[in-house]
Structure formats: C-alpha cells, structure tokens
There are 4 protein chains.
Amino acid sequence: MGNTFGTLLRISTFGESHGGGVGVIVDGCPPRLKINEHLIQAELDRRRPGQSNITTPRKEADQVEILSGLLNGVTLGTPIAMIVRNKDQRPGDYKEMQVAFRPSHADATYQGKYGIQAGSGGGRASARETIGRVAGGAIAKQLLAKVNNTEIIAWVSQIHTIRANLDPSKVTLEAVESNIVRCPDKLAANEMIEHIRKIGNQGDSCGGIIECIVHHPPIGLGMPVFDKLEADLAKALMSLPATKGFEIGSGFSSILLKGSEHNDPFLESNQGSLSTATNNSGGIQGGISNGEKIHLRIAFKPTATIRKAQKTINSLGSPTILAAKGRHDPCVLPRAVPMVDSMVALVLADHVLRQQGQCKLWKD
Amino acid sequence: MGNTFGTLLRISTFGESHGGGVGVIVDGCPPRLKINEHLIQAELDRRRPGQSNITTPRKEADQVEILSGLLNGVTLGTPIAMIVRNKDQRPGDYKEMQVAFRPSHADATYQGKYGIQAGSGGGRASARETIGRVAGGAIAKQLLAKVNNTEIIAWVSQIHTIRANLDPSKVTLEAVESNIVRCPDKLAANEMIEHIRKIGNQGDSCGGIIECIVHHPPIGLGMPVFDKLEADLAKALMSLPATKGFEIGSGFSSILLKGSEHNDPFLESNQGSLSTATNNSGGIQGGISNGEKIHLRIAFKPTATIRKAQKTINSLGSPTILAAKGRHDPCVLPRAVPMVDSMVALVLADHVLRQQGQCKLWKD
Amino acid sequence: MGNTFGTLLRISTFGESHGGGVGVIVDGCPPRLKINEHLIQAELDRRRPGQSNITTPRKEADQVEILSGLLNGVTLGTPIAMIVRNKDQRPGDYKEMQVAFRPSHADATYQGKYGIQAGSGGGRASARETIGRVAGGAIAKQLLAKVNNTEIIAWVSQIHTIRANLDPSKVTLEAVESNIVRCPDKLAANEMIEHIRKIGNQGDSCGGIIECIVHHPPIGLGMPVFDKLEADLAKALMSLPATKGFEIGSGFSSILLKGSEHNDPFLESNQGSLSTATNNSGGIQGGISNGEKIHLRIAFKPTATIRKAQKTINSLGSPTILAAKGRHDPCVLPRAVPMVDSMVALVLADHVLRQQGQCKLWKD
Amino acid sequence: MGNTFGTLLRISTFGESHGGGVGVIVDGCPPRLKINEHLIQAELDRRRPGQSNITTPRKEADQVEILSGLLNGVTLGTPIAMIVRNKDQRPGDYKEMQVAFRPSHADATYQGKYGIQAGSGGGRASARETIGRVAGGAIAKQLLAKVNNTEIIAWVSQIHTIRANLDPSKVTLEAVESNIVRCPDKLAANEMIEHIRKIGNQGDSCGGIIECIVHHPPIGLGMPVFDKLEADLAKALMSLPATKGFEIGSGFSSILLKGSEHNDPFLESNQGSLSTATNNSGGIQGGISNGEKIHLRIAFKPTATIRKAQKTINSLGSPTILAAKGRHDPCVLPRAVPMVDSMVALVLADHVLRQQGQCKLWKD
C-alpha cells in the first residue's frame with residue numbers, strides 16, 4: 001500500500017513497464033470542474049519516450065483513455081480512472097538484466113524485498129510508472145488554475161556541470177518548451193543537449209537539477225506539524241525515480257547566512273495578505289505557504305542503466321559483467337520536468353482541499 | 001489532521017509551547033517489547049533547552065510521564081501515551097511578538113491560515129513541539145535495536161562556515177555526546193562552539209548541517225512507489241522546524257558524476273544479502289533499503305528569532321521594528337540532533353512493521 | 001494503529017482501566033470555534049461510573065484536563081489534548097480474572113493476539129476507554145451546533161424484554177436525562193430500573209437497545225462508495241464495547257416491506273432542499289444524508305462480567321470456575337447513551353469537514 | 001476520497017454504470033501468491049446481471065482484464081489492476097429518471113451533494129460499482145485460503161417473509177450455488193424464486209437477509225479500539241448498496257438473554273487455542289477473533305427502482321409520477337451474495353496483514 005498519494009485529493013497508480021498497461025485513479029476531485037482532456041494528453045506527451053533525440057528511442061504513443069469520473073468533460077466528484085496501454089515491448093533486451101542486477105537500479109532490492117521481480121524492464125521501478133502521476137497532475141493543475149490562478153513552472157537548471165543562468169521568477173512555460181532539454185536559458189540548453197548526446201554516445205549517463213516555481217499559490221496551505229507544505233513536497237519529489245536531494249527556498253545555501261541576513265523582512269501590506277522583501281523561505285514559513293512564490297530544487301542522479309560494461313553480480317550473488325542493451329535515456333531530466341510539476345500540483349491541490357475542509361467552514 | 005505520522009507505527013503529538021503540556025501517543029508498537037524508560041528521559045535530556053551555554057537559557061526539566069501502554073516496563077501493544085508538563089513560562093517576553101510578526105517565523109502564516117494564533121512563544125510552531133517526536137523516537141530506537149541490532153547516529157557536521165572533517169561511517173554516539181555542539185570532530189567542535197557564542201552575543205543566529213548514518217538497517221524497507229524509504233525520510237526530516245534541504249547518499253553532488261562513476265558496483269555475496277563497493281545510493285535503491293548504511297544530510301537555516309532589530313509588520317500590515325526579547329537558541333543544531341535521529345528511527349520502525357505485514361507471511 | 005478514528009476531524013485515544021490515566025487527542029478541529037468546557041465535563045459526568053444506583057458503584061470523578069489546542073476557550077486549529085486521571089483502583093478485585101478468562105470478555109483474545117494483557121480490569125477493553133471518545137464527541141457536538149444547528153439525541157429504548165413506547169422524533173435531551181436509565185418513556189423507565197436492579201442482585205446482567213436521532217443534519221454528508229455515511233456510522237457504533245447489531249432507518253424490518261411500500265416518496269420542495277413523506281431511509285440515501293432526520297439503533301449484549309459462577313478456563317487452557325468480584329455494571333446501557341451520541345457526533349463532524357473540503361470550493 | 005478501502009491490503013475502485021468501464025486496484029497484496037485467474041472471473045460471473053431469470057435481464061459478460069501486478073499468475077507485490085468494460089448500455093431507459101428523482105435511490109442525494117450526477121443508470125450508485133469489490137475479494141479469498149485455510153460462505157437466508165431453515169455452520173458453497181436464489185435450503189429456495197418472480201411481475205421488489213459464516217479464521221484479527229474486527233466488518237457490509245442492518249453473532253437477539261445465558265463458556269483447550277461451547281459472540285470477543293466461526297447477517301431493503309408508478313419530484317422540486325423503465329432486479333440478494341463474501345474476505349485479509357505487521361515480529 002505504497003501506491004496511493006494524497007489525503008483528500010488522492011492518486012492511486014498501477015502498472016509495470018511491461019504488461020497490459022499503466023494508469024491512475026484520481027479520487028476526491030471536486031465536482032463540476034471543467035477538464036480539458038487535451039491538456040492531459042499534452043502533459044503525457046511531454047513525458048513520453050522517443051519525444052526527441054536525447055531521450056530513449058523507444059516509441060510509445062502513451063495515448064490516455066479516461067474511463068470514468070467525467071460527464072461531458074465535467075467532473076462528477078467520483079473517481080477519475082485513466083489508463084495508457086503498453087506497447088513496443090522488447091523484453092528480449094532485458095534478458096541479461098534478469099540474471100545480472102543492474103548496479104544502483106532497483107533489480108536487486110525488489111528481489112530482496114519481494115522475493116520476485118517483474119521479468120524485464122524495471123517493472124514498477126521503471127519511469128513508465130510516472131504516467132499515472134503526470135495524468136493525475138494534469139487534473140490537479142486545472143483545479144489550481146481555477147481556484148487561485150495558480151501556475152507551476154518547472155525546468156532543467158543544471159545538467160552535469162552545465163548550469164543555466166536565469167531569473168527563476170521569470171521563466172515561462174513557453175521558454176521551457178522551446179527546446180528539447182527543457183532549459184529556458186537557450187545558450188545553456190544548446191550546451192546541455194550537445195553534452196547529453198556526447199555522454200549517451202559513450203554509453204554513459206548524466207544527472208542534474210530541476211527547479212520549480214509556483215506562481216500565485218494560495219496562502220495558508222500546509223498542515224503542521226508533520227504535513228508541513230515543504231515536508232509533503234519533499235516526499236512527493238523524493239518519491240520520483242532517481243532523485244537524491246531536495247531544497248526549498250535557500251536550501252543548503254541557507255547555512256552560509258546569519259539569521260539577520262537570511263530572514264525575509266515583511267513588507268507593508270493589506271491585512272490578510274503578506275509579502276516579503278526577499279524569499280529565502282521559498283514561499284513557506286512554519287510549514288504554511290505565505291503567498292510568495294514557492295521555489296524548490298531537486299537533484300537527479302545519472303541514469304543507472306548504461307550501455308557501458310559494469311561489474312556486478314547475478315541473482316546467485318556471483319560476479320558478472322553487465323553492458324545493458326535496451327534503449328535507455330542517457331539523461332532523465334528532460335522527461336522528468338513534467339513529473340516534477342505534476343507532483344507539485346498534486347501536493348498543492350490536496351492541501352487546497354485540506355485547508356478548505358478545516359479552515360473555511362465559517363468566516364467571522 | 002497533520003499531527004499524526006506513520007502508517008503502522010504511528011505517533012500523534014500535541015501541545016503548544018505555553019499551556020498545560022506537550023506529548024505524544026505512540027500507536028501500533030508491537031507487544032512484548034521491553035522498554036528502558038530511562039532511555040526515553042535520556043533522549044529528552046539531549047533535546048531540552050538550557051542543557052549548555054550555547055542553547056537557550058530557558059530551564060525546563062522536561063520530565064516525561066508515561067500514562068499507558070506499558071506493564072512493568074513491557075509494551076502491551078496498546079497506545080503508549082507520554083506527557084511533559086510545561087514550566088518556566090514567561091509569556092511577557094513574547095508580548096511584542098504578538099503585535100510584530102517575526103520575519104521568517106510562523107507567526108504570520110499561522111495567523112493567515114487559522115485566523116488566530118497561540119498567545120506567545122510560537123505555540124505549535126515552537127521547537128517544544130518536538131518533545132513528542134523524541135519520546136516516540138526513543139521507543140522506535142529500542143524496537144529497531146531488538147529487531148536487527150539497528151543503530152542510528154546523527155551529528156552536527158557543519159555550523160555556518162565551519163565543517164567537520166571525519167569519516168561518517170566511524171562516528172559513535174559517544175563521540176557525538178562528547179561535546180555540547182554534538183560534532184564528533186573535536187577540533188571543529190571547539191571552533192563551532194566559539195562561533196555560536198560569538199554570533200549569539202551579536203544577537204544573531206546561524207544554521208548548519210546535521211548528518212545521519214544508520215548502521216545495520218534491515219534489507220527490504222520502503223514501499224514503492226510513493227512511500228519509498230527516501231521519500232518518507234525526506235518528509236520526516238523536512239517536517240522538523242527550520243529545515244531547508246535534504247540529501248540521501250550522494251545528494252546534490254551526484255550531479256557531477258557520470259552514471260559509470262556514480263553506480264555502486266555490487267560485490268560478490270551470499271544469496272539474499274547485498275553489498276556494494278561504494279555507497280552513493282546511501283543505502284537505498286529503487287526506494288528500498290539494500291542493507292548498506294543509510295546516509296543522509298539535512299540543512300537547517302539560521303534561527304529566525306534573533307535579538308537584533310529587524311524591519312517587519314504588525315498584524316494590521318503596518319511597518320514596525322522588532323528586536324526579540326525572550327531567550328532563544330542562537331543555533332538550533334545541537335538540540336536538533338536527537339530530533340533527527342528520532343525521526344529516522346520512527347520512519348524505519350514503521351517500515352519494519354509494513355514490510356513484516358506485506359512480505360513476511362510466508363517464506364518459500 | 002487501531003486507536004485513531006476519523007479522516008479530517010480525527011481522535012486518537014489512549015489509556016487502560018488501570019494506570020496513569022486515559023485521554024484523547026482531537027486533531028483537525030476548525031480554528032476559532034468557541035468551546036464551552038463545562039459541556040465536556042458534563043458529557044463525561046453522563047458516562048462516569050457511580051452516577052446512580054444501577055451502575056457500577058466504583059466512584060470515579062473523571063475530571064477532565066485540557067492540555068492544548070485552546071486559547072481562552074477558543075480553538076487554535078491545533079490538536080486538543082484532554083486527559084482524565086485514573087483513581088480508585090482496586091486491582092485486587094481482578095486477581096482471579098488474571099488466571100481465569102472471563103467468558104465473552106476480551107481477556108482471552110487480548111492474550112491470544114498480543115501474548116500479554118493488562119494486569120487487571122480489562123485494560124484497554126474496559127469501558128473506561130470510551131472517556132476519550134466522549135470528550136472528543138463533546139467537541140464535535142459543539143462544532144455541529146455551530147455549523148447547522150445540528151442536535152443529536154440518543155436514549156435507551158429497550159432493556160432486556162422491556163420496550164419504551166414513544167415517538168423517536170419527539171424525544172428531548174431533557175426527557176432522556178430525567179431518569180437514571182435514560183429512557184424518555186417514564187413508565188418503561190421505572191420498569192427498566194427495577195428490572196436492572198433485580199438482575200443485578202442475582203449477580204447477572206442484561207442488554208438492550210439504544211436509539212439515536214439526529215435533528216437538522218446537513219445535506220450531502222457521506223463519501224461513496226466505501227465511506228458512505230451509514231457505513232461510517234456502523235463502524236463507529238460497532239466499535240463500542242458490547243455492541244452486537246446496527247440498524248439505519250427501517251433496519252431489519254425493511255425486509256418485510258415491498259419496494260413500493262418501503263420507498264420514501266419525495267415531497268414538493270424548493271430546489272436544493274429535500275423532504276420525504278416517510279423516513280424508512282433513516283435520513284441517508286445512496287450513502288449520503290438527505291436532510292431528513294438520521295435515525296439509528298444499536299443492540300448491546302448483556303455485560304460479560306457477572307458475579308454468578310461460570311465455567312471457564314485459565315490461561316493454561318485448564319477448566320476452572322469464575323465468579324467475578326469487582327464492581328461491575330449489571331447493564332451498560334444507561335452509561336452507553338453518551339458514548340453513542342458522541343460517536344455519531346464524531347462521524348458527522350468529520351463528514352462535514354470532508355464535504356466542505358471536496359464540494360464547497362466554489363458555488364456555480 | 002471515499003473510494004479506497006483497507007489499510008494494508010487496500011482496494012481502490014472506480015467506474016460508473018455507463019462510461020468506459022469499472023475496475024479496481026488492489027494494493028498491498030503479498031508477493032509470491034499464486035493467483036487462479038479463473039476464480040476471479042467465476043466470482044464476477046456470480047455477480048453479473050442476466051445470470052438467471054430472477055435477476056435483471058441486462059446481458060453483461062463482465063469479462064475481467066488483469067493489467068498489472070502478476071507475473072505468470074504469481075503476485076509481484078505491486079498493485080493489481082483489473083478492469084471490466086461497460087457494454088449493453090441503453091441510456092434511453094433512464095431518461096425519465098434524469099428528471100424524476102427515484103424515491104429512496106441516490107439520484108437526489110448525489111445531486112444534492114455534488115451538484116451534478118451521472119447522466120443515467122445510477123452512475124457510481126449503481127450496483128455495477130461492486131465489480132471492483134468482487135474482483136478484489138477474489139484475490140483476498142485466495143490469500144486467506146493459503147494463510148489459514150480460511151473459507152467464507154455467504155447465502156440468502158431470508159427473502160421478504162420466506163426464511164430458510166438450516167444449520168449455518170453446515171452450509172457449503174456447493175449448496176449455495178445449487179440454485180439461482182443462492183439459498184441452501186432447497187424448499188425455501190423454490191418458494192423464494194417463485195416469490196421474487198411474482199413480485200417482479202407486479203413491477204415491485206423485495207429485500208431479505210444474507211448470512212455469512214467464516215470457517216477457520218485466524219485467531220487474533222482485529223485492532224481495538226476503533227478497528228475492532230466487527231466494526232470493520234460492519235463498515236464493509238454497510239457500504240454495500242441497499243443494506244439497512246448488520247448483526248454479529250447473536251445480534252439483536254442478544255438483548256433477550258441474560259449475561260449468564262449469553263456468555264460463551266470456554267472449553268478446555270491447548271494453550272494458545274480457544275474454543276467455546278456456544279458462539280453468541282460470533283467468533284469475535286473484545287474486537288478480536290477468537291478462532292471460532294465468524295457469523296454475521298446483513299439486511300437488504302427492497303430494490304428502490306421499480307416499474308410501479310410512484311409519486312416523486314423532479315430536479316426543480318416539482319411533483320411528478322415515475323414508473324421506471326430500464327431492466328432492474330426485483331431482488332438484489334442473489335447477486336449480492338458474492339458482494340458480501342468479498343467484503344468479508346477483504347476485511348479479514350487486511351487484518352491478517354495488520355496482525356502480521358504488529359504482532360508477529362518475534363515469538364518469545
């Protein structure tokens with residue numbers, strides 16, 4: 001029961017990389033929300049393999065089918081089930097990996113935990129699992145847009161050693177989508193693309209950083225003390241494959257400042273609204289959103305599955321050499337951008353409902 | 001309902017900084033576990049204010065009372081309730097803060113969310129809230145010790161600009177407790193203590209990094225895809241006051257390596273056990289513990305409440321100047337060490353029970 | 001982890017019959033709710049032992065202390081912790097029962113499940129456990145009164161073979177409280193009191209039925225398909241000690257009617273409101289409240305602990321004879337009335353918040 | 001978020017009566033469980049419409065497709081998703097009901113709660129919703145069979161005024177399945193079938209009682225105080241469409257007995273096992289299974305949708321007359337039998353995992 005996420009707006013996902021398909025049930029969505037179904041498919045298209053020449057060449061259309069919960073494009077308040085069929089399976093590519101555990105992949109730990117593992121392709125540990133998250137996130141985004149005109153922008157800000165140079169608060173979705181690596185700094189983007197290609201050609205892989213800004217978040221989201229907004233965001237993002245680190249606002253760099261330097265001074269404002277001169281808090285104070293932009297960063301490690309030969313062991317514990325065949329992403333970040341903004345959307349939408357439930361019964 | 005943490009082993013905490021007291025209910029603890037009650041008090045003593053001259057001088061004994069769940073020091077399998085009375089209250093010290101929102105503290109967001117806030121001292125946003133976590137963590141640690149001889153060691157590895165120089169895998173609890181800043185590198189510790197004093201004397205504050213290693217973790221902990229072990233750890237730790245960042249294993253530094261450099265080669269082993277030549281994974285692969293040491297790092301920002309005068313607003317939104325009186329920690333890290341190891345213990349113990357529930361019904 | 005109840009408004013209870021005390025954490029209560037603390041104590045007084053000569057003569061004042069969550073009698077939106085100390089313990093009375101399992105009590109199953117049990121008095125299986133429910137229910141009732149002027153009335157409608165004769169929709173709290181058996185039909189009440197005394201004097205016990213009506217419930221409560229309102233009510237009430245059956249509306253008698261007789265015809269009404277000519281539905285249709293009075297009935301078995309000698313076994317499985325000493329209720333129903341209305345209040349208040357969270361974000 | 005049931009073994013269902021399909025995700029199933037997929041389809045066949053001439057003549061094959069979670073018929077420990085496509089839709093039959101609220105059906109309350117409802121056929125309130133429960137239950141049954149040889153038998157024991165005359169502990173699945181009304185007393189069964197036909201021909205409907213016995217339940221299931229086994233069973237069964245009452249063991253008839261008559265004397269036994277001379281407890285004491293047969297009864301009201309003309313209102317609140325067209329069951333009970341045993345199986349299997357998680361970590 002680790003495949004459900006959220007409290008009031010809740011997704012439950014299913015599906016292995018190979019098998020009948022993958023999908024999601026979105027439960028708790030408010031009724032009478034107009035859903036643009038094209039936007040769901042569009043988000044899946046941003047995630048799908050084969051979308052460009054720096055991702056895996058596996059061709060999967062990832063066509064979504066909505067089975068329930070909508071009537072003429074409007075939510076009924078009942079569960080929204082969405083499925084995507086699996087296609088283009090070449091289980092043969094994975095044969096060697098059944099015997100040889102891929103280093104730093106999930107093969108060995110799934111075997112250790114469950115005593116069995118999907119025959120090929122990573123099973124539930126495949127990035128294909130995130131289809132349900134992205135489809136659910138596309139619902140959450142439309143909810144947030146209606147409720148507070150909230151918009152979530154994520155982008156690639158670093159690939160291996162190459163960093164983007166830009167003002168996070170000014171990044172637009174158009175700029176993100178203007179190139180295949182999803183870095184809004186065009187110069188850096190070109191370098192990154194070139195670099196990923198080069199590393200991919202070496203049979204190797206690289207990681208990087210995805211950054212995310214939320215514009216117009218509602219004030220008051222977050223449920224101290226355990227379901228603080230940054231805690232739920234951290235969990236959401238650290239549940240994505242290949243993540244190694246999470247920062248909110250100033251993150252690890254906060255430690256180099258004194259309190260008097262790090263504190264965000266409040267600016268004069270109307271009662272009920274808040275604004276700060278700086279935003280080291282990343283839009284969250286005491287676990288609760290203050291209305292300033294929410295700002296976070298996630299580290300993704302280099303892809304574990306590489307063509308380069310590596311020392312490893314087989315399922316009997318004996319040493320062997322593995323050079324993965326298959327068709328793998330040399331760098332997951334371009335396709336991980338919609339995973340990040342989807343998870344952020346799901347957390348925020350859930351907390352909108354939770355805040356509504358506890359704190360909006362009366363005004364006085 | 002954000003005050004409960006865990007799935008099978010679950011803590012629910014309560015209490016404001018000022019009021020009758022604070023405490024915790026630990027539900028789901030296995031029956032017939034021998035509890036050393038002194039260890040619970042000992043952990044609370046590591047957390048309590050006034051323990052040294054680099055923490056707040058507030059004197060609070062934080063004496064725990066166990067109300068239920070134990071019979072002659074053995075768990076009954078029923079809820080274990082523990083309370084600590086509040087003492088030494090000087091609400092007068094907080095009077096100004098009722099009118100002036102402390103920058104980067106929770107005053108303003110609690111007011112924005114709930115439309116009301118505790119009269120003084122941070123209420124539920126006070127670090128005093130963590131007493132329940134530490135008392136619950138002391139139970140979890142004893143459970144883990146029995147189940148797999150698992151031991152959790154946390155320590156201060158950086159204060160502001162001063163870094164410890166040590167081998168994380170060799171840190172002992174004794175070394176951590178050998179000085180008041182809880183940094184096992186004695187040279188660095190002395191510098192840190194001096195630095196905290198100096199910054200405190202300036203009416204300012206500083207942050208740093210707490211690092212944590214888990215020795216002998218069970219294999220197979222973690223529930224993909226959302227309750228991956230690192231995801232639940234991230235949530236647990238990012239729910240602590242003043243945290244800004246989380247890293248597992250190689251963390252943000254993973255992005256500077258290629259896959260062939262970052263992957264942890266498996267070493268020859270007996271079937272059923274795993275070991276790796278390096279540990280960039282931090283003991284977790286595919287969201288599941290692999291039996292190697294779990295290794296994580298958390299960034300704490302500088303304390304928000306400082307004596308230095310700061311620009312801010314009052315509850316009407318008008319500008320004002322605040323110089324906090326009260327008695328505040330210039331640096332939370334020494335007292336946060338037991339908060340960190342307690343939260344790690346609670347996550348691991350909960351996952352031990354979850355793994356037991358799903359995967360240990362039969363052997364074959 | 002079976003000691004927490006509710007989704008958004010959630011109680012976690014703790015405490016054995018003997019030990020430091022019992023209590024509850026109420027989490028998720030909306031902020032800025034005025035709480036009359038006297039009403040909490042008044043509800044506990046309706047539940048406490050020794051309140052009349054047909055209940056156990058154990059004298060326990062059951063004085064509640066509120067530790068957190070309130071400021072000057074107003075909720076903060078943070079957890080409300082309440083404790084009641086244990087007193088007047090005579091563990092000696094229970095000595096025999098430690099060796100002899102009481103038939104139809106929880107001694108044997110607790111031992112079977114946990115491999116250990118509280119030394120005396122039923123431990124967590126004692127009715128004393130319900131103090132936390134009643135204290136939490138007293139908060140929920142005040143919330144419901146504010147939100148929709150909702151009022152919950154429960155009463156004893158049958159004791160053993162003696163039935164009350166009355167119109168459920170006209171029962172008042174005053175009438176319920178006008179006699180010690182809490183049956184608003186005075187004639188029947190006198191008979192019941194006499195009967196309980198007689199059975200008690202025989203060293204025996206009896207059961208009966210408690211009935212409950214909710215006036216002015218909000219429309220729209222209930223979360224199909226699993227958290228239907230009657231499903232959550234059934235769970236809430238069947239979790240009370242000694243319950244054996246639950247009915248909503250027409251209950252088991254529904255089976256004697258045809259559909260055309262059982263269906264409740266809708267009456268002409270303003271759009272948005274509903275009313276029906278009959279109320280076989282008991283105020284709930286399709287798992288959702290329709291605004292008509294919610295009506296339910298619960299069967300309580302005769303108390304298991306009796307003074308009469310009974311055949312049983314000891315913890316080794318060997319036959320023995322048990323004649324309970326202690327001071328036990330010959331009939332739990334008079335004291336169970338506030339347990340019933342409290343559990344109903346907790347379910348409804350939780351669903352008010354859930355309905356608010358999912359369905360009240362916008363109007364159109 | 002009322003569409004998920006269970007704690008460790010958890011089902012999430014989706015789907016309206018008309019739309020793409022219905023289905024379920026089963027999460028938390030132990031790995032390495034051999035699943036007979038034919039048994040899943042067989043259970044769905046027991047539930048499907050059109051199976052006999054006393055059910056609705058709608059023909060729906062209800063063919064299940066398993067999308068994930070199995071490898072060569074063995075569970076992976078990952079979510080098992082199953083879907084059944086919708087077919088044979090005649091939305092025209094429901095047109096009138098869109099304007100006229102069916103008395104005692106969910107049309108009016110869904111509209112009141114959500115402000116919108118599925119265009120036809122009951123949407124989520126249709127009995128079609130239970131397909132996911134039955135498919136999930138078929139997994140749970142196979143788990144229980146493996147763990148403790150546990151078997152669950154449910155049957156129709158009363159239809160309207162006609163009662164079966166039999167010994168509940170001797171009912172076999174073969175006897176239940178030997179006739180179309182699923183009553184193992186053949187004489188009563190023939191009468192029931194005749195009676196349902198007659199009432200159906202009148203355009204009317206009837207209800208009745210389904211009874212259920214669990215053979216060889218594990219000892220120790222149930223999580224006091226809120227998740228007592230009977231409480232979770234009550235919720236599970238009262239969440240089924242058309243249920244009005246629930247009894248465990250002696251149920252409402254317990255109130256006619258004194259304690260000395262009602263208590264179940266323990267019989268001499270080996271340490272660790274329990275057996276009782278009578279079973280008024282219905283296999284559960286103190287909320288925990290004692291190893292005796294679990295025995296429960298559920299009241300189902302007469303079907304709300306009937307062909308007979310009824311007074312009602314339309315969505316504007318104005319009076320109208322409704323005579324339902326469509327093809328409806330005159331009596332839901334024959335098809336509800338597998339719904340009942342499925343829900344019981346899901347509760348027990350979940351509690352097997354919960355008991356394993358908390359209480360089986362060590363022996364001593």
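I'll start with one pair: A:Phe246 has B:Phe246 as its bridge partner in S11(B). The two strands concerned are S11 of chain A and S11 of chain B, residues 243-248 in each. They run antiparallel, and three bridges join them. Keep in mind throughout that this is a predicted model.

Now the interface around that pairing. Chain A contributes 106 residues to the contact, and chain B contributes 106 residues as well. Between them, the two chains bury about 8,200 Å², with 60% of that area coming from carbon and sulfur atoms. Which residues of chain B lose the most area to chain A? They are B:Lys113, B:Phe226 and B:Lys244, and together they account for 11% of what the chain B side buries.

Next, the polar side. The count of residue pairs in polar contact between chain B and chain A is 50, taking pairs with both residues at pLDDT 80 or more. By class, the face of chain B that touches chain A is made up of 43 nonpolar, 42 polar and 21 charged residues. How many salt bridges cross this interface? The rule finds four. One salt bridge between these chains links the side chains of B:Lys235 and A:Asp232, at 2.6 Å from N to O.

Terms used: Residues are numbered from 1 along each chain as its sequence is written. Chains are lettered from A and ligands numbered from 1 in the order in which they are written. This is a predicted model: local features need pLDDT of at least 70, side-chain atom pairs count only at pLDDT 80 or more; totals for chains, interfaces and linings use all residues. Side-chain values use heavy atoms; hydrogens and water are left out. Contact means heavy atoms within 4.5 Å. Buried area is the accessible area (1.4 Å probe) that two parts lose on being put together, summed over both. A polar contact is a pair of N or O atoms within 3.5 Å; within protein, one must be able to donate a hydrogen and the other to accept it, and residues adjacent in sequence count only if both atoms are side-chain atoms. Ala, Val, Leu, Ile, Met, Phe, Trp, Tyr, Cys and Pro count as nonpolar, Asp, Glu, Lys and Arg as charged, and the others, Gly among them, as polar. Two strands pair if DSSP finds at least two bridges between them. Helices (H or I, at least four residues) and strands (E, at least two) are DSSP runs, numbered from the N terminus.
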